[in-house]
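Hello,

Here is the structure I promised to pass on. My notes follow below it, and I hope they are handy when you open the file.

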Amino acid sequence: MATETPPPAKPQPSLPSTEEFTEVQQSAEFGELRHAHRSFAFPLTIAFVAWYLLYVLLSCYAEGFMGTKVAGNVNVALVLGLAQFLTTFLIAWWYARHAAAKLDPKAEAIKSRMEGGA
């Protein structure tokens, strides 16, 4: 009968104090991280909400245009509705790439410094 030994416990990093969190929050490095996130996320959010509202307004007030046949029984409303899904996935993919390239390294540097690794 074989018994498995548990893996060795990792030492838990000490938690930073409130003052340390406040100090990091006010640092230039954290400001750059916040700016990198906001300069990407806010404009894209505004653009997507505007695009979504355009679709809703066209659906409500431009029934003739939205009912225009594109191919067979496929109309403009269906194409634009599917484009909403496509846009959502593209934005998520684009944000994941942006976060991996620009945000994650900065956040990891701050985290390791806060945990006493740097």
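His 98 is buried, with a relative accessible area of 14% (buried means under 20%, with a 1.4 Å probe and protein chains only). This is a predicted model, where local features need pLDDT of at least 70 and side-chain atom pairs count only at pLDDT 80 or more, while totals for chains, interfaces and linings use all residues. Residues are numbered from 1 along each chain as its sequence is written, and side-chain values use heavy atoms, leaving out hydrogens and water.

His 98 is found in helix H4 (helices are DSSP runs of H or I with at least four residues, strands are E runs with at least two, both numbered from the N terminus). Leaving aside residues up to four places away in sequence, His 98 touches Ala 36, Phe 40 and Leu 103 (contact means heavy atoms within 4.5 Å).

Other buried residues of H4 include Val 76, Leu 80, Ala 99 and Met 114. Among the elements that cover the buried residues of H4 are helix H2 (28–61) and helix H1 (18–25).

A kink of about 45 degrees in H4 is centred on Ala 99 (the bend is the angle between axes fitted to the seven residues ending there and the seven starting there). After H4 comes Gly 116, with a positive phi near 85 degrees.

As for H1, Glu 20, Phe 21 and Val 24 there meet Ile 110, Arg 113 and Met 114 in H4.

Best wishes

Key. Buried means under 20% relative accessible area, exposed over 50%, partly exposed in between (1.4 Å probe, protein chains only).
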